[in-house]
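This briefing concerns the structure shown below. It treats strand pairing, aromatic contacts and model confidence in turn.

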Amino acid sequence: MGKWNTLRNQILLGFMLVMCIILALVGIIMFDRVSVLLRNNAEKHVQQTAVQAAGQLDALLKQIDMLSTQVATDATIQTLLGKEVQGERVNFGMRQSLQQEVRKYEAYTTGIRSLELYMTDDRSLVPLSDLNLTDRVSDTSIRKADQAKGKLVWLGLDPRDADTVTAIRQVRLMDQSFAHGGYVLVRIDKSYFALTDNDSVSKSGTRERMGLFDEEGRRIFSNFDRSIDSRQVLHHDGETIELGDEAYIAVESRSKTTGWALVILTPVDYTTEGISVLRTVIVVSGLAGALLFLILSFALSTMITRPILNLIKAMRGSRFGNLKHNAISSTTMELRELNNTYNQMVDSLNELIEVVYQKEIIQSRTELKALQAQINPHFLFNTLEAFYWALEDKGEEELAQIVVSMSGLFRYVINRSEEDEWVTIGDELDHAGRYLTIMKMRMLDRLSWSIDTQDERRAVPLPKLLIQPLVENAILHGVEQRSGKGMVMVQAEPSERVGYTRITVTDDGPGMSAQKLSSLYEAMKEGYMSSSKGKGVGIANVERRLRLTYGEETEGLVIRSREGKGTVISFEIPDNGKGKAQ
């Protein structure tokens, strides 16, 4: 492993890794961008084909509509139908001349099988036969024509002739206030709606397929396999469907004029045919670039590491006390600077060793002085004891008791023994009593206090300094904020939960609003509180210590307060004293 773990190999490996990452990122980005571009171009082509086909269909429909309009408004046809409406029968000769007139219109457009005229009572006027209109179309189709009031109604494929598409319109008599005069029935060859030529499709090489279906899903025109059912391709706009062994993307649009569905099927691989070529080009380019970069990286790493190897040989002699200059230099600025630095290091090594020795001596002296300057807590306690006896001698018993309380307070707080981190509730309450005694002297009659607990609760263990900060908080933010006398009550009693003790600190201060109480809880959650009364342990730290010590066994501090009604702070701890820290 050490043989191959050289700087040159690391540089070479680092260069190759960076290059591979860059090539991969560039390849992925290029592949993604170009793939999206190719796919968008293919989709645009499909949409353009659909628009062109829809436009071609609209042109064919418009041609039939114009032709039927010309027939319905023809002067001869209007006159003969008007006579029929007025009760004057049209003779056979008139019908013959009318048929010749209609045949002229049929010659105008290719694909028209027949133009037929029927009277209001469904009798045939053209052709010269005894057929009725109901023999050609259904009553529903006739009602559609009546409702259209002269507009052309497309009926789709003729149920009686699968190769014919029918359309009907009502003839409105212009000289009789556009009264109903009869019907024009147009029968069109299905090949009229062939939107593409199969021969041209095969020559162009495109694999797109197109189909036209009427409202009932009957095929009017298609250039895909006849075995494909219309249900396989209709109502799948934008979806991918499987036809045979090939997958197609379906694009469907409906004619607003006829309600017919125009379906265009494009092979899926048509939209991605350039992506495989792009993938191959990117992979080949990446491999070629990686190979070229490998060669150049090897040469560059060798140029960089050769002067370093020479410097290493010179530095190995320093282990045996042979500190000599490295005479071999490099043309590279950084390596030349490194060599000069080594030579300077050799020149100043003895001086540096002497400086290190002197610094160690100075540091040792400094540490000794720091140890000597530390305050001895016993000196503080002895001094307070001397104050106590001096006050006793002078009869200042009240001040003497204050000094005793301060001494006990300091002895309780200033204790470096880690074993003394856990105390009993009794110890905490005594400590709180000493603090209250001192505060009583400062506040005189403004402060009254009481500590209430059962003897068996005094032996319950808990971490040191949990109760006194709450008492301090009750005085600073409760009693001191009153204009008159104030009361602080400390209680330790059994909790409603079996095996737990509840500790409560109550004051009759001004209390807090709901908004301020919510802000207090938020500050406790963040673990930081600021107070205009100064900095101390604080209830935020008490909350944090409870959580860290007891975990899920405690709910932390519970605060109840109302404006003008005081504040109650309580917490519960297990009687066995088991917490995370134990």
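Strand β3 and strand β4 (residues 161-173) run antiparallel and are joined by five bridges. The model is predicted, and its chain has an average pLDDT of 78, with 76% of the residues scoring at least 70.

**Strand pairing**

- Strand β3 spans residues 153-158 and is mostly covered, with six of its six residues buried.
- Aspartate 158 has aspartate 161 of β4 opposite to it.

**Aromatic pairs**

- Across the whole structure, a search finds five aromatic pairs.
- One of them is edge-to-face, because the rings of tryptophan 154 and phenylalanine 193 have their planes at 80 degrees, with centres 6.0 Å apart.
- This pair links distant parts of the chain, 39 residues apart: tryptophan 154 belongs to strand β3, and phenylalanine 193 to the loop between β5 (179-189) and α5 (198-204).
- Tryptophan 154 also pairs with tryptophan 260; the ring centres are 5.4 Å apart and the planes stand at 75 degrees, so this pair is edge-to-face.
- Because tryptophan 154 lies in strand β3 and tryptophan 260 in the loop between β9 (246-254) and β10 (261-267), the pair ties together parts that are 106 residues apart in sequence.
- Trp154, Tyr192, Phe193 and Trp260 form one aromatic cluster.

**Burial of the ring residues**

- Tryptophan 154 has a relative accessibility of 6% and therefore counts as buried, the cut-off being under 20%.
- Phenylalanine 193 counts as buried because its relative accessibility is 0%.
- Tryptophan 260, at 1% relative accessibility, likewise counts as buried.

**A charge over a ring**

- Arginine 497 places its charged end over the ring of tyrosine 500, at 3.9 Å from the ring centre.

**Model confidence**

- Where pLDDT is low, predicted coordinates should not be read in detail.

Technical notes:
Residues are numbered from 1 along each chain as its sequence is written. This is a predicted model: local features need pLDDT of at least 70, side-chain atom pairs count only at pLDDT 80 or more; totals for chains, interfaces and linings use all residues. Side-chain values use heavy atoms; hydrogens and water are left out. Buried means under 20% relative accessible area, exposed over 50%, partly exposed in between (1.4 Å probe, protein chains only). Helices (H or I, at least four residues) and strands (E, at least two) are DSSP runs, numbered from the N terminus. Two strands pair if DSSP finds at least two bridges between them. Rings of Phe, Tyr and Trp (its six-membered ring) pair if their centres lie within 6.5 Å; planes under 30 degrees apart count as stacked, over 60 as edge-to-face and the rest as tilted. A charge sits over a ring if NZ of Lys or CZ of Arg is within 6 Å of the ring centre and within 35 degrees of the ring normal. pLDDT is the predictor's confidence in each residue, from 0 to 100.
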